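Please consider the following structure and the briefing attached to it.

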Amino acid sequence: MARKGTSSSKKNAAGGDSGLADPPPPVGRCLIVGGGPAGALAAKTLTERGYDTTLVESYPHPVGSTEKAHAYVIAVNPRGIRALRRCGVDPFADMKDETGGVEVSTYVRHGTEPSGRSFPTVIRKDDPSFLVRRQKLTASLLRIAGEAGATIICGERLVDIDFDDRVATTEHVASGKTTQRPYDLLLGADGIASPTRTLLENAGLLGPVRKEPDDVEYQVAILPHWRRVLHPDCVDHTAAPEASVHTYADRKSGSNAIVFPIGNMEACLACVICPSGRLGHLKKHKEEYGPALKTLFPNFSPEALASMCHQFAQEDNVPTTGGTCVWAQPALGSPSSGVILVGDSGHGMWPALGQGCNTALESVAVLADAVEAVCGSGNLIPSSGAGVREVDAWSKTSGERSRLIAEEYQGLRHEDVLAIVDMSFGGIGGRRIRGAQNANMMYKLQVLTIMLLHKLTFGIVPPPALIRVMAGDDVPFATLRWQQKVEQVVALPALVAMVTAVAYGLFLLVRWKYF
């Protein structure tokens, strides 16, 4: 049962309908630090559930570098789409036109023959993903949060927190003026470098937090739609739908690339992924861009390759690292102080499996569930692994209610996000060389064996955990991590058993036919 907060009260007052019941009291005051997708969605969701919500973002513009030409694309997979819908946002209905997002369910994977010719493999998925540039997604969610009644303040950053009195100090970036902001619940959604997490660590309320930086670099270029960048002689995948994602790999250099449709499919964004240092080397030796890109994109036209070389060589198009894996221990914040961490601040991860934003959005949906569990109908709190305990949340202070909500969020979410950070850290192939085509032979055999068992048992054995993660299956990450560990134990014996069975069957067939 969602308890309506500030926005509903204002509408009732404006309507002047004295027959309506008084709105329920606010759950408390919530301060959200960080205006990215997770922070913006949380502002909308918590406001609708009764919090008096204020969001502060350090960028002077609501979405930071809105006009940045080389902005990255977020693939909101079925897991992220479910999370948005749980929070009352349908990306296809509410955001597609505004953001220029693209609905995609077809992926074209390009291998390379020794001759250099590209040969594609087309993969079609049942559930679509929503591809959108990060700034566009953030702008849309901030608009929705503002319409829900949240207060959005830009150009203001967090500088200190008094955890005992629950007062945060923020500073205006331009003027240096500080503001004291009391809170009952403080949500740190402020990214990998999270000032919220740093203040928790400095106060001894969290940590030590393990952090592992990525070992790959990214660089992007904007091109016309992929059909218009192909070489004139290339007709090998023109049957793929316009809304499709294309992946490339150069095994020799360990480089990979992903080409996303953007802007209502009027253009595409080509993202090149290389081992750390390679893009920096090319930046210094610009004459090497051409041969490297021609090897990676064998079916691109000379004009498209020249455009990419020009864009990559620009001074403002700087190679970016892939991010940092973050394991927040012993909790996702400090529930006793009313502080919780969402997104990269509490569970940052490499983009190896494409789960960073999706996990952050799902964390917000779980937080909404925690508010419902504490303040909803019946006041029942499903404590993790300990049955259900009954608490009259509305007889407590707003600070105590927020503590209960933070504890509930911790119990529902911590194990799950540790699992996906672990899996992202392992990457594809279970090692830090993360290209989709760089897995070692044993790992490939493991995945192939589990896939064969899945087919032979008509779905009784689930698909490999890696595939389920990347497909956005509606299964907890902790369960998928457990499945992955079981696969490591079972795969080799199962493969030996299948080979033995086939060999024995052939032996019996030969014996019956000839002897």
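The briefing below covers the overall fold, the sheets, the salt bridges, the surface and the backbone.

This is a predicted model, in which local features need pLDDT of at least 70 and side-chain atom pairs count only at pLDDT 80 or more, while totals for chains, interfaces and linings use all residues. Residues are numbered from 1 along each chain as its sequence is written, and side-chain values use heavy atoms, with hydrogens and water left out. The protein chain holds 15 helices and 21 strands; helices (H or I, at least four residues) and strands (E, at least two) are DSSP runs, numbered from the N terminus.

**Overall fold**

- Of the 515 residues in the protein chain, 51% count as buried; buried means under 20% relative accessible area, exposed over 50%, and partly exposed in between, with a 1.4 Å probe and protein chains only.
- Among contacts in the protein chain with a separation of 6 or more, 69% come from residues 24 or more positions apart; a contact means heavy atoms within 4.5 Å.
- The protein chain exposes about 23,200 Å², of which carbon and sulfur atoms supply 57%; accessible areas come from the Shrake-Rupley method with a 1.4 Å probe, and for residues only the protein chains shown count as cover.

- S18 runs antiparallel to strand S19 (residues 339–341), joined to it by two bridges, and Gly-333 has Ile-340 in S19 as its bridge partner.

**Other strand pairings**

- A further open sheet has three strands in the order S7-S8-S9, with antiparallel pairing.
- S7 and strand S9 (178–182) are the edge strands of this sheet, each pairing on one side only.
- On average, neighbouring strands of this sheet are turned by 30° against each other, direction ignored.
- S7 and S8 pair in the antiparallel sense over six bridges, and Leu-158 has Thr-170 in S8 as its bridge partner.
- Strand S12 (residues 216–224) is mostly covered, with seven of its nine residues buried.
- S12 pairs in the antiparallel sense with strand S15 (residues 267–275) over nine bridges, and Val-216 stands opposite Pro-275 in S15.
- Two bridges join S12 to strand S16 (residues 320–321), and these strands run antiparallel; Glu-217 stands opposite Thr-321 in S16.

**Salt bridges**

- A search of the whole structure finds 19 salt bridges; each is a side-chain nitrogen of Lys or Arg within 4 Å of a carboxyl oxygen of Asp or Glu.
- Arg-49 and Glu-372 meet through their side chains in a salt bridge (3.4 Å, N to O).
- This pair links distant parts of the chain, 323 residues apart: Arg-49 is in the loop between H2 and S2, and Glu-372 is in helix H11 (residues 356–375).
- Arg-49 counts as buried because its relative accessibility is 10%.
- Arg-481 forms a salt bridge with Asp-422, with the closest N and O atoms 2.6 Å apart.
- Here too distant parts of the chain are linked: Arg-481 lies in helix H15 and Asp-422 in helix H12 (residues 398–426), 59 residues apart.
- Arg-481 is buried at a relative accessible area of 18%, whereas Asp-422 is partly exposed at 32%.

**Surface patch**

- Trp-482, Val-486, Val-489 and Val-490 form a nonpolar surface patch with about 400 Å² of accessible area together.
- Patches are made of residues with over 30% relative accessible area and no salt bridge, like charges being joined within 9 Å and nonpolar side chains (Val, Leu, Ile, Met, Phe, Trp, Tyr) within 5 Å.
- Val-486 is placed in helix H15 (residues 477–514) and counts as partly exposed at 33% relative accessibility.

**Backbone**

- A cis peptide bond, with omega about 0°, joins Gln-329 and Pro-330.
- Arg-166, which is not a glycine, has a positive phi of about 55° and is buried at a relative accessible area of 13%.

Conventions: Pairing = 2+ DSSP bridges. Axes fitted to C-alpha atoms, helices over the stretch in contact; angles between N-to-C directions.
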